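Q: Could you take a close look at one helix-helix contact in this model and then work outward from there? I'd like to see how that part sits in the whole.

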Amino acid sequence: MNANLRFWLGAAALGLALVAGLRLLGNDYGYFAGYFVLQYVVLAGAWNILGGYAGYVNFGAAGFMAAGAYSAIVVRQWLGWDLIPGIFAAAVVAGLLGLGTGYLTLRLKGVYFSIATLCLAVVLQTLVVNWDYVGGSRGAYIIHARDIPPFNSYSEMLFIVMLALAIITTGIGRAVEMSRLGRGLQAIRDNERAAEAVGVPTLRLKLVATTLCGALMGVAGAPLPYYSGYLNPEAAFSLAYAVNAIAMPLIGGAGTWAGPVIGAVLLASLQQAATVTISSALNLWIVGWMLVIFVAVAPRGILGWFRKRT
Amino acid sequence: MEFDLSLLLNGIVSGLLLGGLYAAAASGLAVSFGMLDIVNIAHPALMVTGAFTVVVLGTWLGLDPLVVAVLQAPLFYVFGIGIYNAYHHFFEKRGDEALQGLAFFFGVMFIIEVGLVMAFGPEQRFLDPSYAYTTWRIGDIDLPLRMLVPGLFAMACIGGLFLYLHRSFTGLAIAAVAQDAEALRLMAIDPVRIKRLAFGISIALASMAGGALVVVQPVEPSSGQVFIGRVFAICIMGGMASLPGCIMAALLFGVVENVTATFFGPSWSPAVAFGWLLLVLAFRPQGLFGKAA
Amino acid sequence: MQNISRRDFGRLALASAVAGAGVSAGVFPALAQSANPIRIGFSMSLSGGLAGNGRAALAAQQIWASDVNAKGGLLGRPVQLVFYDDQTSGGQVPAIYTKLLDVDKVDLVTSPYATAMIAPAMPVVMQRQMCFVTILGAGVNTTFKYDRHFNMNVVGDNMKETFAKGFLDIAGTLEPKPRSIAILAVDNDFAQRAAESARFLARQRGMRVVYDRSYPPSTVDFTPTMRAVQAARPDLIYIASYPPDSNGILRAASELRISAQMFGGGMVGPQLAAFQAQLGPILNNLVNWDIFSVEPTMNFPGVAEFLTKYREVAAKEQTDVLGNYIPPYAYAQMQVVEQAVKRVGKIDQAALAADMHSQVFDTIIGPVTFSSTGEWAHERNLLVQFQGITDGDLERYKRPGAKVILYPPNLKSGTPRAPYGTPA
C-alpha cells in the first residue's frame, strides 16, 4: 500500500516538475518533443503487458495505435466530441480489437501470434484506406482551437494529456506486475503448458492481457490526429511505431514496469535529438544499430544490466 | 463485371507467375524460419540488398540479372554465415532467441534498409535483361517473360534445394535439425555447424530472389516492405518446414491476390489475402499444407 | 551592415553558402553569423518514401541560396537554409516546425514536399502567423483556410473541374470521338483527387465510365488489374498512379498489348529520369499530366541556366539526373519568397502575405499569381505526350521534341498522336 502511494505521488511530482520546467523554458518545442517521447512511453508500456510479461510479441502495435487514432476521428466527426471522449472511445475500440485478436489467436503460440498481429495491421489499414467517412486514403483533417485556457497553448494541453496517459499506463503496468495477473502471465511466458497444468487460467489471463494491451495502444494513438492536425493511413500505420513499440521495452528491460519507460525515454529522445541535429538517413541508422547492440550486449535491457551488476 | 472465362484463366495464370516470385522470396525463409526456427524478419530486406548488388554488378559486367544472382550467391552465403554466427553467439547460445532474437533481426532489417538509402540514394534502380519486354502467347493466355523467367528460375532453385535436402547427407542433417537438434548431437554431428550452413543457404536464396525481383520490377531500398507480411504468411500456410508446401502456398497466395484484383478490384486483394491467412491461423495453425501436430 | 562594402559582402555570402551547402542546419561559419543571415527554415523528406523528390527539391533550393548570396543576398543579408529531414513521416513534422520557429527562431518558413507532409506543419505555422509558401500541395488550404498560405503547384483552386480537363479536351479532338473511359487510381490523396476530376468531367461530357477502381500502394503485380481494364474495352484509359506503380502499370499494359485512343492521365513517375531511362519506347504516345517540359513554349528566362546548374550537382546529390519535374518549381518557390521580401523591404509576415496576394511573381517557371486561398490564380496543368522515343537515352529529354506539350493551348508545342499502343 505504502509503496503504491509512493509510486503515484512520485509520478505526480515528476509530472508536475516536467510541466513546470517546460513552462520555464517557455517554448512550444519542448511540448512537442515531450509529446513525441511520451506517446512512446504509453505505446511501449502497453506492448510490455503482453510482450514483456506473457512473452507474446505483438507486431501490430501500429494497427492498434491507428485504431485508436481513427476512433478519435470518428467520434469527432460523428458526435462532435473532443479529445478526452476520443481517448475513451479509442480505449474501448482498441480494447475490443485486442479482445478479438485474443480470441482469434488463442491457439497460436509464439511467432504465429506475432505474424497474426502483423496481418491484422494490414487488414485494418486496408479497411481504413477504403473507408471514406474517415477520409480514406486522402487522410482526415482535424482543426482545433489555437488556445485552450487554462493552458498556455494547445500543445501544452496535448503534452499534459499525454503525460497523464503515460503515468496511468506505467501505473497499470506496475499494478499488473504486482498482481496475480502479472504472476500468471509470467508463468505463461516461462512455460505455458506447465502453467495450465497447475491450474493457471491461461485463457482468461491472455484475454485480459490482449484487451489491456490493445486498449492502451489505442489510447496512445487517440491524440495523434490532434497533434498533427492531419492524419492519413500511411502516417497512422507507420512501421516506426511497430518497431519502436518492440525496441523500447527490450532496450529498457522487458517484463518490468520501469523498463519500457527507460527504453522509450532513451530511444525516443535520441531519435528526436537526431532528427534535429544529424537529420539524415544516418539518424534512423543509429536507431537500428542501437537496437542490435543493446539486445546483443544487454539482453535483459538496461534494467537487467544494472541488476546484474549490483 | 460480367464473368469472363479468359479473364479468369489469365487471372489464375498471372497469379501463378506472381506466386513464382513469392516462392523465390519465401523459400529462403522456409529454411531459416521454417526449419531452423530463426525468425529472420530481415529476409526481404536481404533480398532487396541482393537486388541492388545484382543491379550494380550486372550493369558493370553487362550480365543478365539472374546470372549475376547465381554468381553472387556464394558471397551472400558467407554473409549469412556471419549473421548466423552473431545470432548464435548472442542469442541462441543464451536461449534468448524468442524475444531478443526477433528484435535483433528487426534491427538488422532497419540497418539494411537505411544503409541502402545511404549507399545508393532513394531513387529506383533497374537492370533489364534482353527478354524483359517479350511476351509469349498461348491462345488467350499471356505469359510475359518478365514474370515467367523469374518464376521458373525460382522453381529451379527450390527444386535444387529440395534435392539437396533429400539426397545429400548434409541436407538430411538440415532436415533433421528442424526435427530434433539433440538427436543430431547423439549422432556426433554438430547441430550448430549444420544450422550455420543452412542459414547461409537461406541467405544465398535471398540473393537468388533479389535477382528474380530485379527482372520483375525496378527496386528501391524500401521495396522489401511489401513482402514481409506476404512471405511469412506463405511460410506459415505452407506448413513451415516443407518446401513443396511453401511453393503451393506461394502460388495459391498469388492466385488469390490476382483473381481478387481481376474481379473485385485491387483495393481488396491485400485484405482478402491476409484475412485468409488470419483464418488459416485461427483454424488450422499448422498451415494449409502442414501435418497436424 | 553599412561598413561592409558590397563586394566584400558578396564574397562573404558566397563563402557561407558554399560552406552551408550539403551540410545540415546548425553548422554555419561564425564569420557569417556576424553578418546576421536571413534564415529560412523547412523540413524535407531526405529519407523514406518521398525522399527522391525531397532531395531533388532541396538541391534546387540550395542552388537558389547560392545564386542569391552570389548576388549579395536578400536585403543586404546573406541567406541561410535551415532544414531537417522529416523521414517522410508526418508525425515528425509538427515537432520540426516548432523547433524551427521557437528554438532556431528562423525568419521565414517554407514547406516540405507534398500534401501529406505540408498538412501536419499547417497548425504550427498558423499558430505563429507565419507566411507559408508550400510546394506541390493539393487542396491543403481548403480545410485550414489560412490567409498566409501560398502553394506552388499548377493545379489551382478547383482541381475537380480542371485537373483532367486537358486530357478530355485533347480526347475531344480525336476521330472517332471517344465514348468510354476507364479510371484507375492509387489510394492516396493526390491520385484520388485526379481520379475524381476525370470521373466528374467524363460524366459531364456524356462519356461512359466503364471501369473505375482504386488500388493499394502495396500492389506488386498489375497484370490482373490492367487486364480487367482491357476487358472493359475503354476508348480512353485514365491512370492516376505513383512511382514505382506507374512502372508496373506501363509494363503490364505493354505486355498485354493494351491499346486505347489515349492512355495516361495523372501518372506520377513518367516525369522522372529513372522511368524514362528504363521504359524508353513504352512511353511513346502516352498523354500524361506534367508540370514542366523543356519545350520552346516554356523556355522562361533563367530556367535553362538553372537546369544546367542542377544537372551538375544532381549526380553527386543522388537525385533525379534531369530535374525536369520538381526542381524548377522548388527554385521558383524560393523566388516567390525572395521577390516578396525584396518588395516589402523587411521581414514582416503580414506584409509579405499581402504582397503575395496582390503581386505577380516572375519566376523561372513563368509568371505566377496567387488566388485568395493561396493556390495559383490560373491553373496550368500541362498535358504532355512522349513522341519519337526509340530507347532509354536521356539526352533527348534535355532538348525539345521528346515530351511535347499538347495542353494548355497557350503553351502547346506539338500535335497529339493516337492511339497509344498498337491496336489488335
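This is a predicted model: local features need pLDDT of at least 70, side-chain atom pairs count only at pLDDT 80 or more; totals for chains, interfaces and linings use all residues.

A: On one side, H1(B) brings Leu17(B), Leu18(B), Gly20(B), Leu21(B), Ala23(B), Ala24(B) and Ser27(B). On the other, H5(B) answers with Met147(B), Leu148(B), Pro150(B), Gly151(B), Ala154(B), Met155(B), Cys157(B), Ile158(B) and Leu161(B). Sorted by class, that contact comes to 13 nonpolar and three polar residues, with no charged ones.

Now the geometry. Two packed helices are described by the angle between their axes and the distance between the axes. For helix H1 (residues 5-35) of chain B and helix H5 (residues 145-167) of chain B, the angle is about 40 degrees and the axes are 8 Å apart. Roughly parallel would need an angle under 35 degrees, so H1(B) and H5(B) count as oblique to each other. As for handedness, H1(B) makes a left-handed crossing with H5(B).

Zooming out to the rest of chain B, you'll find eleven helices and two strands. Read from the N terminus, the order is α-α-α-α-β-β-α-α-α-α-α-α-α. The radius of gyration of chain B is 19 Å, close to the 19 Å from the globule rule for 293 residues, so the chain is as compact as a globular protein of that length. Its C-alpha trace spans about 60 × 50 × 35 Å along the principal axes. Of the 293 residues in chain B, 61% are buried. Contact order is worth a glance too: take the contacts in chain B between residues at least 6 apart in sequence, and 77% of them join residues at least 24 apart.

Chain B also has a partner in chain A: 34 residues of chain B are in contact with 37 residues of chain A. On the chain A side, the elements giving two or more residues are helix H5 (110-129), helix H12 (239-252) and helix H14 (281-297). H5(A) gives the most, with twelve residues. By class, this side of chain A has 30 nonpolar, six polar and one charged residues.

Chain A itself holds 15 helices and two strands. Its radius of gyration is 19 Å, close to the 19 Å that the globule rule gives for 310 residues, so chain A is as compact as a globular protein of that length. Along the principal axes, its C-alpha atoms fill a box of roughly 55 × 45 × 45 Å. Buried residues account for 60% of the 310 residues in chain A. Among its contacts with a separation of 6 or more, 76% are between residues 24 or more positions apart.

Leu181(A), Gly184(A), Leu185(A) and Ile188(A) in H7(A) face Thr202(A), Leu205(A), Lys206(A), Val208(A) and Ala209(A) in H9(A) as contact partners. That contact divides into six nonpolar, two polar and one charged residues.

Chain A touches chain C as well, with 32 residues of chain A in contact with 33 residues of chain C. Several elements of chain A give two or more residues there, among them H5, H14 and helix H13 (258-276). The largest share, five residues, comes from H2(A). This side of chain A splits into 14 nonpolar, 14 polar and four charged residues.

Most residues other than glycine have a negative phi, and most peptide bonds are trans. Glu175(C) and Pro176(C) are joined by a cis peptide bond, with omega about -10 degrees, and Pro176(C) sits in the loop between helix H8 (165-172) and strand S6 (180-186). Another cis bond links Ala418(C) to Pro419(C), with omega about -5 degrees; Pro419(C) is in the segment after strand S14 (403-407).

On the phi side, Leu136(C) has a positive value near 55 degrees, in the loop between strand S4 (132-135) and helix H6 (141-144). Leu136(C) is buried, with 25 other C-beta atoms within 10 Å. Lys145(C) has a positive phi near 50 degrees and lies in the loop between H6 and strand S5 (149-152) of chain C. Lys145(C) counts as exposed, with 12 C-beta neighbours inside 10 Å.

Conventions: Residues are numbered from 1 along each chain as its sequence is written. Chains are lettered from A and ligands numbered from 1 in the order in which they are written. Two residues are in contact if their C-beta atoms, placed from the backbone, lie within 7 Å. Helices (H or I, at least four residues) and strands (E, at least two) are DSSP runs, numbered from the N terminus. Ala, Val, Leu, Ile, Met, Phe, Trp, Tyr, Cys and Pro count as nonpolar, Asp, Glu, Lys and Arg as charged, and the others, Gly among them, as polar. The radius of gyration is taken over C-alpha atoms; the globule rule is 2.2 Å times the number of residues to the power 0.38. A residue is buried if 20 or more other C-beta atoms lie within 10 Å of its own, exposed if 12 or fewer, and partly exposed in between; C-beta atoms are placed from the backbone. Axes are lines fitted to C-alpha atoms, for helices over the stretch in contact, and angles run from 0 to 180 degrees between N-to-C directions. Angles under 35 degrees count as roughly parallel, over 145 as roughly antiparallel, 65 to 115 as roughly perpendicular and the rest as oblique. A crossing is left-handed if the near helix is turned anticlockwise from the far one by less than a right angle, and right-handed if clockwise.
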